[in-house]
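Reader: I am new to this structure. Could you take me through it, one question at a time?

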Amino acid sequence: MSTALARFIAWRLLVAGLFVLVVSSSAFILVRLAPGDASREVFQTGVSDASIAANRQRLGLDQSLPAHLAAWLGGVARLDLGNSSSDGRPVTGVVASHMAKTASLAALALVVAAALGLPLGILTGTRPDSLVTSIVTVISLALVCCPPIIGTLALAFLGASTGWISIAPGNYLWPTLALALPLAAMLERLQSQAAAEAFAAPDIAAAAARGVPVRRLVWRHASRQALRPVLGVAGVVVATLFSGSVAVETITAWPGLGQLMVQALHGRDLYLVAGCALAGATLIAVGNFCADLLRAAVDPRVRLIS
Amino acid sequence: MALLAVTVVAACAAPLLAPYASSEQFDDRAYAAPTRIHIFDTDGVHAPFIRPLVLEDRVAHRYVEDPSTRIPLRWFYQGRLVVTADPAQPLLLFGADAIGRDVFSRVLFGAGLSLGVTLVGVAGALLIGACVGGIAGTVGGWTDSGLMLVADFLLALPGAYLVLVLRGVLSPVLDTSQIFLLMSALFALAGWPHAARGVRAIVATERTRDYAEASRAAGAGTWRLALQLLPAARGFLAVEVVLLVPALLVAEATISFLGLGFADTSASWGRMMQDAGNTMVLADAPWLLAPAIAVFVVVLGTQLVSRSGGRTTILIAQSPGAQLS
Amino acid sequence: MVLVSAVVALAGYGCSRTTQGSDRPDSLTIQNGGRIVSTYRSEPKSFNRYVKSTSADEVVSRLINATLVRVDRKTGKVEPRLARSWTASPDGLTWTFALEPDVTFADGTPFTSADVMFSFQALYDPKVHSDLAASLMIAGKPMTVRALDAHTVAIMFPSPYAPGISLLDSLPILPAHKLKRALEAGTFLDAWSVTAPLADITGLGPFVIREFIPGQRLVFARNPRFWIRDASGRPLPYLDEIELQFTPDQNTEVLRLEAGESDLMTDRVRFEDLAALRDLATKGRITLHDAGVSISPDALWFNLDPAAKSARDRPWLQREEFRHAIDLAVNRSKIVNTVFLGQAVEVAGPITPGHAEWFLPELPRPAFDPAQASKRLASIGLVDRNGDGFVEDDKGRMAKFSVMTIAGNSVRQRSFSLIQADLGKIGLKVEEAQLDGQSLFQRWDNGDYDAVYFAIESDAFDPGRNLEFWMSSGPYHLWYPKETTPSTPWEGRLDALMTQQSSTMDAAQRRQLFADAQRLLAEHAPALYFAAPKVTVASSARLQGISASVLMPPVFWNAEVLHVTGPRR
C-alpha cells in the first residue's frame, strides 16, 4: 500500500474516532443537563429523600458533569457502557443487538437501492429516448418524493389490503422496501445524469467512432466516470438511511437503534441514550469510512488531497 | 410550480375552504368513509346532495346510507365554501378519523401548521447559514476552518436523530405556538450547515474579486465586507429554499408522528399520520393516508420546480433534504 | 365483637386445600400438559417483586411465587394458599396462621415460618424501600410477625383493619435460604435482578423460570414441587410450559393471535380490534373473555394545593364551581360511544360497577348541560367579555389552563381530545401538554402543574386497601398529596369517614360509610371521572380455565388451573 493511501486511511480513521467521541459525549451531556432524571420510579409511593439520594448515587448522578463524563468515557474504553436505569441490564449488550438490527436493515436497504438504482440510472442516462426510460423516470420521480415515513405507511396499506407485502414483525421486506425505494430513486436520478454526461464526453464519443461496441463503452468506461458523483454523496446517503430508519423502525416495530433511542429518551435513561448515540455515530462513521475507501479506489485524486 | 401554488393557497384559504373546524367532532362518524356526493336520484337530476349516514355496527365502524332522504349542499354558507344543509350530517370529503373529525378540514388547517413551521425553519436555517457562511468566507483562516468543521460535523449527523434528542430532552409544558417556535428553531439548527457551506464557497470566491479587494483596502470591516459579498449567493440560496422545504416538512412529519411535535387538536400532518400508523384499521380506512399524500404532493411540487432548473438534479442528492428525511 | 370475629374466623377456617374457587370445569376431563405462548408488551425489570412493580414484574411474581392467602378475583373471597387455616384473636388484631406442612420450594428446600418472617423483614426494611410496603401498612404502621413454631405464624395488625388478611394476597413469600444473606449484606436490591443466574431464583409458585433471553422471551416451566392439587387429586399446574414472547407493538400482538401463533395477549383488547376479534370468536378460533368494568377509570384532577403557583393569578382554577362546570360540560355518552365504541359505562367518581358491592348505583351523575356549565362559570366571574368565544376573568385575562398527559395511550388521547373540544364550547381554552412519564411525575410531585389527565392502576376492590388515595395524608391523594393536616373541612370529614370505614368490621356499616364518602367526594369533585371501559381479554380457543379479571394480572393470577384442549394450529 502506498504511503499516500496509508496516510489517507489513518487520517480518516482518526476523524471517524473523533466524530464518534464527540457525538456520544454531546448526547451524554445533553441528557445530563436536561430536566428530569431516572433517580425515582414513576409514581412510586412515599419515597424518602434518603432513598432518592441513594438511587442517584447508584446512577452516578451525584458526580459533577465533567467527572461523570470522564468516568463514562473510561468505561467506553473498556467497552463497558454502564447499566440501564430501568432494568439494570448492561447497556453494551442491549445496544449491540439493536445496533446489529439497524445495521442489517440499513445495509440491506443500501444493497437493494444500489442494485435497483445504479443500473437503471445508467440505462436511462445512456438511452434518453426509449420508452423504458420514460417509465422509469416517472416512477423514479414519484419515489423520490416518498421519504421513508410516507413510504412505510403506503406500503402498510398495500400490504394490509392485498397481502403482497407481509407486515408481520421481524420480516425484512416491509422496512427494507420503505428505506430502499426512495434511495434507489435518488441514486437512479443521480446516476442517470452522470451517465448521460460521461457518455457525451469526447473520449467516449471517439471510442464509439472507432467502433467499440456500445455495451462495452457503457459498462466499462462511462460507469466508472459516472460512479464518482454518486460516491461523492455517500456521506449523505448514510445519514439518510439512519435518519429514515427512526420512523420506519417505529411503524414496523423493528427492534433497532431508533426505537431504542426513543424509549431511552422517554425514560431519561442516561447510559442507554449515550450508548445509542455511540452506536449510531459508529455506524455512520463506518459507513462514511467505507464510502471514502471506495472513492479512493475509484478516484486516485482523492487520496492525494486527503 | 402549480402544485406548490395550489397547496399554499389552500393552506391560506383553509378557513374558507374547510367545511369544518379542525377540532370539530361528529357523533357516530368514527372512521367513516368519504361522503358520496350524488346528483342522480330516482326522480331525476338534482343539485349535488348527500344521503344521511346511519350507524350499523359501532364496534366494526360500519355505516350505511339512508336512501330515502336527500340533504342538499349549501354553498358560501357562514363563511365556508360548502357545507351540508344538516349540521349533524357532515360532508366528509376525505372521510373521518378515529374520533369522527373531518380529515379534509384537518388536512387544510394542518397545512398551515406543517408548511408554516417548515417555511419559518427554512428562513431561520438560511439566515444562520448566510451569516456563518458569509463570515467564514470573508475572514478565512482559522475562523473559516473552525466554522466549517462544526458544519461538517452537523452535516454528518442524521437529522431526525438530532432533532429527536434535542426535543426529547426538553419536555417543558408547551402550547401550540410555543411548539411551533421550538420546532422552527430546531429545524433552523439542523438545516443551516449545508447552506453555510455553499454560501462560504461562493463568498470565498467573491472575496478574490477586484471590487472586494478594493473595499478591503478602503478599510471596510468584516461585517460590511461580508454584506457586500453575500448578494452573490442569491441564486444558491434560492435553490436551497427549494431543497430545504421538503426536508423540513418530512422532519416535522416524523417528529409529530412520534408524539414529540404538535398536539392532537392542532392537526399537523405528522400528527394526523399517527392514526394511519395503526395497520389494523388502515386497510379498512385508507383515507387516513390523506396527510401523507399531502406531504407527497408538496415534495413532488418542489421536485418539479427544481427539475425545471435543469442541472439542479444533481444537487438533490447533495441537499440537506436527503439527510433530514 | 367476639361473635363477629368468630364468624369471620370460621369463614376462613376449614376451606379444603383442594378448592380452587368458583366455576371450575369438571376436572376429570382436563388434559395434562401442553404449552402456551403469550405475547407481552414489556419486559420485567427485576425478578424480585419487592424491588420493582411493573406489570411484567407482577406477572412473573404470580407465576413463580405463592402468597399466604389469595383473593379469588371472581368471588372476592379469601382462599387459603400457603396458610391452610387461620384464627383471629378476640380483638381481631392478631391472626394465627397454620402453614401448610410438607411444602417445599422449587429447589427442594422446605418451606417454614422462617421464610414468612424473612419476607416481612425484607418488606419493611427501610434500605429496601419496597413499593409493596406501602400497600401493607395499616394507618402508616407496619404489621408485626411472630413465628410460633416451624409451621405457625402470628401476624399482628397495629390497629383494627376491616379488609383484614385479604391484603396478604399482595405479599409473595420469598425463600430465606436464598436471600437472607443479601438482605444482611445490603445487596437485596440487586439480588434476583434480570441478570441474575436462574439457579438462584426459586419460589413456591406453580411455575419456575426456565429461560430468559432479554428482548425475546421468558419461558416458565412447570414446578413439579407445587403442592396444590385439583378436586380429583391431580397435581397442579396442568400446563407444562408458559412462554412470554416480548412484542412491543400492539398491532403485532393482535396479528400473532389472529394467525394462531400465540394464545394470549398482554392485557385488554383494544377497541379498534374488537370487530376483527369478534369475527374470529364466532368462527371458534379465539375466545373473548369479559373481565368486567375497569376499576381504574381515567381521572382529570386539578392542583388543589393552596400554595400552588398555578393558582396565584388564577384563583378560579381551584374553585369547586369551576370543576362542577367542567363536570356538566363534558358529554360522557359521546366519549363512551366514540372512544370506547359503546363498550364503556358513564361514571361520576372513581368507584365503578367493576368494584362490585362498593359501587353506588344511586350516586347522581351530572347531566350533560353546557348551559348550566356556563352559568357556573359565570358565577365565579368567568364570562366572555370580548366576544372571542373564550371566557375571561374579571381582569380580562383569558381562562386557559394546561393539562398534563402521557404520550402513547391512544384511548386516553382521544378521550382527552373530546373533553378539550367540549370545554372549548363553554369558552375554556385547554392546552394539552404531552410529557414522558418521568417529567409528568416530577411535575406532579413538585406541584408544578395546572391539571393532569391520567389513571392510577388500582390493585384491590376494597376501598380500605386504597387509603393512599382517599386520605388527605396519602401519597396518592392526587389533587394534594401528603397533606399534614386536611386543608379543607370536607377533606377532614372524608378522612374521618374513611378511617372509620377501614377499621369497622361490620360489613353493612362499612358500605354505608363508604357510600357517604363517595357522595362527599362527588359533592366537592376534586377529581373528575367520565367513563370506565369494559375490559375484554382475548385468548386462543384452545386455552381454557381463564377467569379474566380487571385486577392485574388479568389471566395469570390463577395460572395453575389454565389448560389446553389441543395443540396450536
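Reader: What is the secondary structure of chain A?
Author: First, a caution: this is a predicted model. From the N terminus on, the elements of chain A run α-α-α-α-α-α-α-α-α-α-α-α-α. The total is 13 helices and 0 strands.

Reader: How many percent of the residues of chain A count as buried?
Author: A residue is buried if 20 or more other C-beta atoms lie within 10 Å of its own. Chain A has 306 residues. By that cut-off, the buried part is 48%.

Reader: What percentage of the contacts in chain A join residues at least 24 apart?
Author: The contacts that count here are between residues at least 6 apart in sequence. Among them, the part that joins residues at least 24 apart is 73%.

Reader: Which element gives the largest share of the side of chain B that touches chain A?
Author: On chain B, 41 residues are in contact with 45 residues of chain A. Elements that give two or more residues to this side include helix H4 (141–156), helix H5 (159–169) and helix H9 (234–257) of chain B. The largest share is 7 residues, and it comes from H5(B).

Reader: How many residues on that side of chain B are charged?
Author: The side of chain B that touches chain A has 30 nonpolar residues. Another 11 are polar. As for charged residues, there are none: the division gives no charged.

Reader: Which helix of chain C supplies the largest share of the side that touches chain A?
Author: Here 25 residues of chain C are in contact with 21 residues of chain A. Helix H4 (131–135), helix H6 (250–259) and helix H12 (437–446) of chain C each supply at least two residues. The residues of this side divide into 9 nonpolar, 10 polar and 6 charged. The largest share, 5 residues, comes from H12(C).

Reader: Which strands does H12(C) lie across?
Author: H12(C) runs at about 130° to strand S16 (400–406) of chain C. The open sheet of 5 strands in chain C has the order S17-S16-S18-S14-S19, with mixed pairing. The strands that H12(C) lies across are S16, S17 and S18 of chain C.

Reader: Why do two strands of that sheet in chain C have one side left without a neighbour?
Author: They stand at the edges, so each has a single partner strand. The twist averages 25° from one strand to the next. The edge strands are S17 (429–435) and S19 (527–529) of chain C.

Reader: What is the bridge partner of Trp301(C) in S18(C)?
Author: Strand S14 (residues 299–302) and strand S18 (residues 451–454) of chain C run antiparallel. They are joined by 4 bridges. In S18(C), the partner of Trp301(C) is Val452(C).

Reader: Which strands stand at the edges of the open sheet in chain B?
Author: This sheet has 4 strands in the order S1-S2-S5-S6 (chain B), with antiparallel pairing. Its twist averages 40° from one strand to the next. Each edge strand has a single partner, so one side is left without a neighbour. The edge strands are S1 (38–41) and S6 (80–84) of chain B.

Reader: Is the crossing of H3(B) and H4(B) left-handed or right-handed?
Author: The axes of helix H3 (residues 103–139) of chain B and H4(B) come within 7 Å and cross at roughly 145°. Val132(B) and Ile135(B) of H3(B) are among the residues that make the contact, as are Leu147(B) and Met148(B) of H4(B). The crossing is left-handed.

Key
Residues are numbered from 1 along each chain as its sequence is written. Chains are lettered from A and ligands numbered from 1 in the order in which they are written. This is a predicted model: local features need pLDDT of at least 70, side-chain atom pairs count only at pLDDT 80 or more; totals for chains, interfaces and linings use all residues. Two residues are in contact if their C-beta atoms, placed from the backbone, lie within 7 Å. Ala, Val, Leu, Ile, Met, Phe, Trp, Tyr, Cys and Pro count as nonpolar, Asp, Glu, Lys and Arg as charged, and the others, Gly among them, as polar. A residue is buried if 20 or more other C-beta atoms lie within 10 Å of its own, exposed if 12 or fewer, and partly exposed in between; C-beta atoms are placed from the backbone. Two strands pair if DSSP finds at least two bridges between them. Axes are lines fitted to C-alpha atoms, for helices over the stretch in contact, and angles run from 0 to 180 degrees between N-to-C directions. A crossing is left-handed if the near helix is turned anticlockwise from the far one by less than a right angle, and right-handed if clockwise.
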